[in-house]
Amino acid sequence: MRNMTTGKRNFLLTVVAILVLFGLSFVVQDGVDTYIRRIINLCLIYAIIGLSMNITNGFAGQFSLGQAGFMAIGAYMVGIFTVPVNLRADVFYAVPMNPYLVNIYMPLWLALILGGLLAALVAGLIGTPVLRLRGDYLAIATLGFSEIIRIIITNANTITNGALGIKNIPSLNDVRYIFLATAVAYVLISLLLSSSYGRAFKAIREDEIAAEAMGIDLFHHKNMAFMVSAFFAGIGGGLYGALLGTVDPKNFLFTLTYNFLLIIVLGGMGSITGSMLGAVIVTAGLEYLRVFDEPLEIMGVAIPLFRPGLRMVVFSLLLMACVLFWRHGIMGTREFTWDKLAAFLKHPFGIRKKGVQRK
Amino acid sequence: MELFQALTHMTAAGFAQHLVNGISLGSLYALIAIGYTMVYGILLMINFAHGDIVMMACYFAFFGITAFHIPWYLTFIGTIAATALLGVVIERTAYRPLRDAPKNSVLISAIGASFLLENLANYIFSGRPMHFPDIPFLSSMVRIGGVQIQAICFFIPVVTVLCLAILLHIVNHTKTGMAMRAVSKDYEIARVMGINIDNVISITFAIGSALAAVGAIMWGIRYPGITPYLGVMPGLKCFIAAVIGGIGNIKGAVLGGFILGLGEILIVAFFPTLSGYRDAFAFIMLILILFYKPTGILGETTTEKV
Amino acid sequence: MKKFVSAMLAMTVSAALIAGCGGGDKKADKGASGNVVKVGVFLPLTGDNAAGGELELRGIKLANKLHPEVNGKKIELVVADNKSDKAEAANVAARLIEKDKVKVILGSYGSSLSMAAGNIVKDSKVPAIGTSCTNPQVTKGNDYYFRACFIDPFQGTVMANYAYKKGARKAAIVQEVSNDYSVGLAKFFKEAFEKLAGAGSVVEVANYQTGDKDFTAQLTNLKAKNPDAIFAPGNFTESALLIKQARQLGIKAPFLGGDTWETQEFINVGGKEVEGICFSSAFDREKAATPEAKKFMEAYTKEYGGQQPGGLSAMAYDAYLIALNALKQAGTDDSIKIRDAIAKTKDLETTTGMTTLNADGDPIKSAVIKTVKNGKFTYLDMVSPEDLKAK
């Protein structure tokens, strides 16, 4: 049990830290070049989507592979409505845009929220048939839906411009904005998961039948997790579209979901902080692994092993190794807390004290 | 309306052609689906890498014939052996260590294995498509009435049925088969009964992968462009075929393969404007079947054990 | 909530670490020396588009070998793989500009990859020259994106005119519905053909998805309509299989396509079935338009073990030449001046004739119609932009 004063202290620390980081994001925005900014932004966006995937896969124990589809919905919402009206004819040069949509413009934040809501709505509809399934079946069914969404987008020319994709989305390479979005997503998801809903999710994960016996409405809770997950995936997808400034259906092939799978596996299925860490490591790590794709010369002799493609081999080996030897990832189902940090600072190499909680 | 138009415009020869196309595609799906269903039946896991094993088998056959100039029939035997070995290696490294782990971990490992095979193929063989060698009589065309049929299309159903018969014989009438059935019914009891579970699972993977190799050879002759990502879509579709038929049920996999193959072709035949949605058909079928009869058409009704 | 902060902290620290590592890289040091000009090469070397990317890389490397210097400075290529993925493409483009400090970017194969880099080159004011990104959106409204290839509307229109000229009155289209290139060409083919042969002259538009292997259903439908010509632009792997299956089904009508077909793999996979197809291309070795083209062909054959160059390598080579010329004209390392010099490109001798860029940054040049004969790409006809206007 945590007493009031530590509770207060932790709350204050959190508020201060958010403010400090938010302040820092202003420094980062002006202080680093666009490449670094882009990587940081991608980390933040991937963190949102990783978190969203962790709600279903990690906390509620429902193995869903539909993230790419929900991202596509969010990204297209941003793509369709935030392109300046006068630039739309350039984008829809092959098939004119639907006359009802062509003059509707939305600011980014509105498009993001609507994208999230639409994704959640679609998830709600899909959830009815799909969430009765378990394990592998659920995985394949959600993957199937994500592909169906993509195929529909490919064929709905007057709305989505089909395969030609949408460009001219006002590009958003702004650390402050994306940091704020990530912060809000984080806070909301944390609140949800520490509420009675969160506990119900975990109960379902541990044992569905026992959870049901305890009076938890399985379907209601699973659907809830699925919809919230889709909502944030939609938001993440929207930000992703805005960061790239262009979207097309091929972005959202189901293999995109694997990125987030790696993030949550590495970070720990069922750990919020883990997903955040995972997002940074995977996104930044993929960038760093780029050295493998570049030719390497040792004392003037080119090593033929280093050529494009090696990086992805290393990447997939890492994923395998992670699952095989380090199944719980960095955090497992644990979380990083101020208490732990304090305990660690007091006794860096000492034995764990009572104050350290394990959940 | 569209259906009506399509029907009135379709000639008998056209329809027969569609049927032939559907059956040949369906039997290919069936062949690969058997491999999925075998592994699932015993381990209760989707071997996500199955489609990529098919892809690797295509490359084995390609290099056997073009690079090493081995006669095609010997290459095919070699390919089947090499692919069976690959399957066993994958099982030992990616699945065996996780035998007592939660199901989701195995699933992730399977996805990882599939991803690794694709990237490895891309790295080693490059992304450029290679041409699967033409096999003298199998690649030629036969004309019956107004219908064009590639010779291989006669062989595919025959091979599928042959594989099915051999497999059913192994499963139902041999000692190994009995052990397989025992493992599939109850892991623990089978172990107690003195069955070497590891061996049984290895054999299952070897047979499943050998079937993948047979499927790959047929696939390669029929659709001769080989790329590292060639196994992805067929892999998913064949899994769906296995689910439609009732996963774990070998006859069901064949049935599911035919339903999917014919369905895919006929939907385009009757609704030509829907051709852009053709790939969605398999997934829609999957969701429908899961909704109305999750155990598949021939599957047994079992409740998941607690 | 406290978890949040720690996570954020970790993220920032890691990001900073990476930034630090990046800054200390050996390559950044090289850029500081004064006698090297860096040119970024931005191509898909892995993933779905790897085959095209590799061929273009050959063209650029060859050009660099033949023309290694400008204004007394050595041109250093910085090759980056955009992995046929848009998020990667955006990262890679930013990395080329910010970390490697390239002055010009060449690439990419695949319009959507170029579009992902569009805003980045525009915002950082570093010009890019597309090699074979044919979607009009790439250069439209972007002052910093140019290209060495012609655009989809032009190719589609050229092929429609050619089909009509050869007597086709009923055409069918098979498009790769998830491929912007294919959809773009198909759309403009349809428009142009219906203008020439009347409404309803395009009797069927069938779709397939990238990665599909079986096209028999679509083709059987199409056979019943009995078209005089079939326009089927798309990736060469899928197209080769499609044409093979069409011939197997007894469809005799000629197949028309776009410049992506011009790769050895198309012939390898398609075999004897692709004999007699025709497609538009920017380059032909028999009708070598310029001395530069001859030089290119000889060097290519020598460099790559007797192989013959195709349009993709030629266009990549041309993109390098355009950049080289601009660097020479600008006489400085200033990216904005280099951009202006590229925009002024006029009558530059390239492998595909004399290149002039229009206001959008697209080249105005003739298309060559080619076919496959005895397993080799051969010249068939030539269509200039003026030919199309005359009609």
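Student: Where in chain A is Asn168(A) found?

Tutor: Asn168(A) is found in the loop between α7 (157-160) and α8 of chain A. Keep in mind as you look at it that this is a predicted model.

Student: How should I read its backbone, and what is phi of Asn168(A) near?

Tutor: The general idea is that most residues other than glycine have a negative phi, and that most peptide bonds are trans. Phi of Asn168(A), however, is near 70 degrees, which is a positive value in a residue that is not glycine. As for peptide bonds, turn to chain C, where Gly107(C) and Ser108(C) are joined by a cis peptide bond with omega at about 20 degrees. Ser108(C) has its place in the loop between β4 (104-106) and α5 of chain C.

Student: Moving up to whole chains, how many helices and strands are in chain A?

Tutor: The secondary structure of chain A comes to 15 helices and two strands. Its radius of gyration is 22 Å, close to the 21 Å that the globule rule gives for 359 residues, so chain A is as compact as a globular protein of that length. If you follow the C-alpha trace of chain A along its principal axes, you will find that it spans about 65 × 65 × 40 Å.

Student: And how many helices and strands are there in chain C?

Tutor: Chain C has 14 helices and 15 strands. For its 391 residues a compact globule would have a radius of gyration near 21 Å, and the 22 Å of chain C agrees with that. The C-alpha trace of chain C spans about 65 × 60 × 40 Å along its principal axes.

Student: Which domains does the domain assignment give for chain C?

Tutor: The assignment gives domain 1 (33-150 + 293-360) and domain 2 (152-281 + 368-390). The centres of these two domains of chain C, taken over C-alpha atoms, are separated by 28 Å. Where they touch, 11 residues of domain 1 of chain C are in contact with 12 residues of domain 2 of chain C. On the domain 1 side of this contact, the elements that give two or more residues are α3 (50-66), α5 (111-124) and α12 (311-330) of chain C. By class, that side has five nonpolar, six polar and no charged residues.

Student: Which element of chain B gives the most to the side that touches chain A?

Tutor: Begin with the totals, in which 35 residues of chain B are in contact with 31 residues of chain A. Both α5 and α12 (278-292) of chain B supply at least two residues of the side that touches chain A, and α5(B) gives the most, with 15 residues. The residues on that side of chain B divide into 25 nonpolar, seven polar and three charged.

Student: At what angle do helix α4 and helix α5 of chain B pack?

Tutor: Two packed helices are described by the angle between their axes and the distance between the axes. Helix α4 (residues 72-95) and helix α5 (residues 103-125) of chain B pack at about 130 degrees with their axes 10 Å apart, and α4(B) and α5(B) are therefore oblique to each other. The crossing in which α4(B) passes α5(B) is right-handed. The contact is made by Ile90(B), Ala94(B) and Tyr95(B) of α4(B) together with residues of α5(B) that include Val106(B) and Ala110(B).

Student: Roughly at how many degrees do the axes of α2 and α10 of chain B cross?

Tutor: The axes of helix α2 (residues 12-43) and helix α10 (residues 232-245) of chain B cross at roughly 70 degrees and come within 8 Å. The helices α2(B) and α10(B) are therefore roughly perpendicular to each other, and α2(B) passes α10(B) in a right-handed crossing. Among the residues that meet are Tyr29(B), Ala33(B) and Tyr36(B) in α2(B) and Pro234(B), Lys237(B) and Phe239(B) in α10(B). The contact of α2(B) with α10(B) has 11 nonpolar residues, one polar and one charged.

Notes
Residues numbered from 1 in each chain as written. Chains lettered and ligands numbered in written order. Predicted model: local features only at pLDDT ≥ 70, side-chain atom pairs only at ≥ 80, totals over all residues. Axes fitted to C-alpha atoms, helices over the stretch in contact; angles between N-to-C directions. Helix = DSSP H or I, 4+ residues; strand = E, 2+ residues; numbered from the N terminus. Parallel < 35°, antiparallel > 145°, perpendicular 65-115°, else oblique. Left-handed = near helix turned anticlockwise from the far one by under 90°. Contact = placed C-beta atoms within 7 Å. Domains from an automatic or database assignment. Nonpolar A, V, L, I, M, F, W, Y, C, P; charged D, E, K, R; others polar. Rg over C-alpha atoms; globule rule 2.2 N^0.38 Å.
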